[in-house]
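Hello, and welcome to my notebook. I opened this structure to look up a few things, and here is what I wrote down.

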Amino acid sequence: MATTLGGYLLVLAVLGPFTGVLIGLLLGGRHAQRVASLTLLAGLGCAVAILLSWLESGAPLVYLLGGWSPPLGIALRADGISVAMILAVSVVICGIALYARADFGLPSGAAEKRAPLIFWLLLMAIWGSLNLVFVSGDLFTLYVALELLTFAGVPLVCLDGKAETLRAALRYLLFALAGSVLYLLGAVLIYGGYGTLDITLLGQTVRPEPIAWAAAALMTVGLLAKTALFPLHIWLPPAHAGAPAAASAMLSALVIKGSWFLVVRLWFDVMPAVITLPSAQVLAALGASAIVVGSVVALRQQRLKLLVAYSTIAQIGYLFLMFPLAFDAATGMLVHGAVLTGGLLQAISHATAKAGMFMAAGLIYAALGHDRINDLAGLARALPLTVLTFAISGLALMGVVPSGAYLAKKLLLDAADASGQWWWTAVLQCGAMFTAGYVVLILSRALRRPATPLVLVKQVSRLSELAALSLALCSLLLAGLALVGSPASNLSPDLIKNPLALKELGNTLLVLAVGALLAWGFAPGAVFSSLGKGFENLDAWLRRWATASLAMLSLAGLFGWLMIREVLR
């Protein structure tokens with residue numbers, strides 16, 4: 001193993017944002033935004049250069065710290081999924097930065113404030129931490145990167161300094177640290193059992209045995225807590241309730257992707273021989289539960305931002321449906337292939353669409369002075385570009401042609417059909433209908449004619465609107481962009497159908513129609529109102545500290561037992 005030319009770009013991708021943090025902190029609040037802007041431009045160029053270098057080399061990019069190869073040294077590596085995530089995060093970060101100029105910019109002559117300085121520093125810190133997550137080649141470096149990401153994400157929740165947001169940030173911090181303890185315990189077990197934490201070496205040596213089962217169970221549940229997968233979502237709704245829209249966009253679109261990416265690394269690259277199909281089925285079942293509960297509770301919300309927050313819980317569930325579908329029947333192991341590509345597309349599509357949706361919600365709140373769903377009548381006429389952004393983001397999350405979620409769903413559906421796991425087909429189809437439900441709910445309110453003229457308390461920034469719209473369009477057109485690079489992704493152009501074809505158009509209209517029925521059915525006083533209230537009560541119970549802590553420990557025991565049980569059969 002040797003350092004590649006592209007390996008030096010990996011170092012730049014990690015150190016560049018952190019260097020920007022130090023320079024911004026040194027120069028002060030008035031210059032932090034300028035430093036962030038220059039860093040973003042350089043970082044986006046670096047991400048593109050990493051992609052080109054990877055395409056040219058046809059092999060993972062590697063950088064050996066100090067020139068020492070593992071297990072004596074530490075390696076940074078970037079394979080195809082790392083490169084894709086680095087580029088996607090760069091695009092989303094740049095879009096969020098453009099959007100945030102209106103809220104966290106300092107006009108010439110204005111007094112310096114604490115919030116803008118902190119925001120721009122944290123934005124760069126989150127970017128650098130995510131890049132380190134994507135290129136880390138060993139489990140301890142991944143732990144360090146994940147902690148940097150957590151400590152950069154938590155302050156975003158309480159930028160306004162209010163007591164309510166401080167409580168939400170503390171809840172996020174404590175639960176994330178509990179997840180970190182479980183992950184670190186697992187890493188210690190792995191090092192004690194195998195003498196290395198290097199991912200490539202562990203993938204060759206880890207075998208089914210008690211120490212590997214315990215480590216896999218502990219590390220998985222710790223990462224699920226940080227990802228806020230149901231029922232470990234105790235911190236996510238309160239965190240989004242009072243956070244600025246740009247902060248919510250980063251938390252939902254980017255921060256949770258770091259821990260999800262670690263689950264992918266752990267299951268696919270470190271322990272493919274240890275993970276069993278029943279444990280993967282349970283992980284996907286948690287994802288399916290997240291889709292149902294998150295969507296129903298989203299339909300019951302009175303505030304737009306909380307609706308989008310609960311839709312995030314539902315969309316997180318999609319990211320975990322791929323795990324049982326990625327099992328190879330011949331080897332009984334998780335394998336890289338079309339299913340992993342589908343999961344990656346789902347993650348990127350969610351990042352771009354969810355960022356656009358949160359940003360649209362933030363613009364609506366800024367313009368109206370509130371985000372009460374029942375008082376959005378006339379919004380489509382007052383803020384047509386913002387409502388269009390929300391609609392496009394929703395369509396992209398539904399998985400209509402040619403969105404990235406459509407291509408991801410197509411790959412997963414094909415895998416479910418090939419493996420005979422028909423139940424995941426039902427989950428994927430029903431999930432799209434639930435998504436359509438809350439999209440139709442908001443659009444039906446926004447398109448209504450108001451009883452009295454709608455008064456805007458603030459004119460929103462056109463640059464912010466365009467930034468949000470651009471990210472939504474990226475998600476909607478992601479499938480086409482992915483197929484442009486089909487030689488690298490091994491995707492067939494036949495996967496994309498004509499969106500205006502009778503079958504595709506009929507499917508889209510059917511999903512929207514069922515979504516409208518769901519939105520009507522779960523409304524207060526409607527047919528399923530009592531059922532929806534039951535889901536709300538379940539959510540409130542699961543978000544208690546005692547319940548969440550017990551759920552975390554129970555899931556760790558369940559995963560460990562399923563792995564042992566399968567081997568001993």
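Is His 350 buried or exposed? I found His 350 buried, with a relative accessible area of 1% (buried is under 20%, exposed over 50%, partly exposed in between, with a 1.4 Å probe and protein chains only).

A note on what I am reading: this is a predicted model, where local features need pLDDT of at least 70, side-chain atom pairs count only at pLDDT 80 or more, and totals for chains, interfaces and linings use all residues. Residues are numbered from 1 along each chain as its sequence is written, and side-chain values use heavy atoms, with hydrogens and water left out.

I placed His 350 in helix α14 (helices are DSSP runs of H or I, at least four residues, numbered from the N terminus). Leaving out residues up to four places away in sequence, I saw that His 350 touches Ser 252, Ile 256, Lys 257, Thr 312, Gln 315, Ala 355 and Leu 397 (contact means heavy atoms within 4.5 Å).

Of its 217 residues, Trp 267 and Phe 559 touch the most other members. Helix α10 (residues 245–270) supplies the largest share of this core, 19 residues. Setting aside neighbours within four places in sequence, I listed the contacts of Trp 267, among them Thr 220, Pro 272, Phe 323, Leu 334 and Phe 559.

Technical notes:
A nonpolar core is a set of buried Ala, Val, Leu, Ile, Met, Phe, Trp, Tyr and Cys residues joined through side-chain atoms within 4.5 Å. Helices (H or I, at least four residues) and strands (E, at least two) are DSSP runs, numbered from the N terminus.
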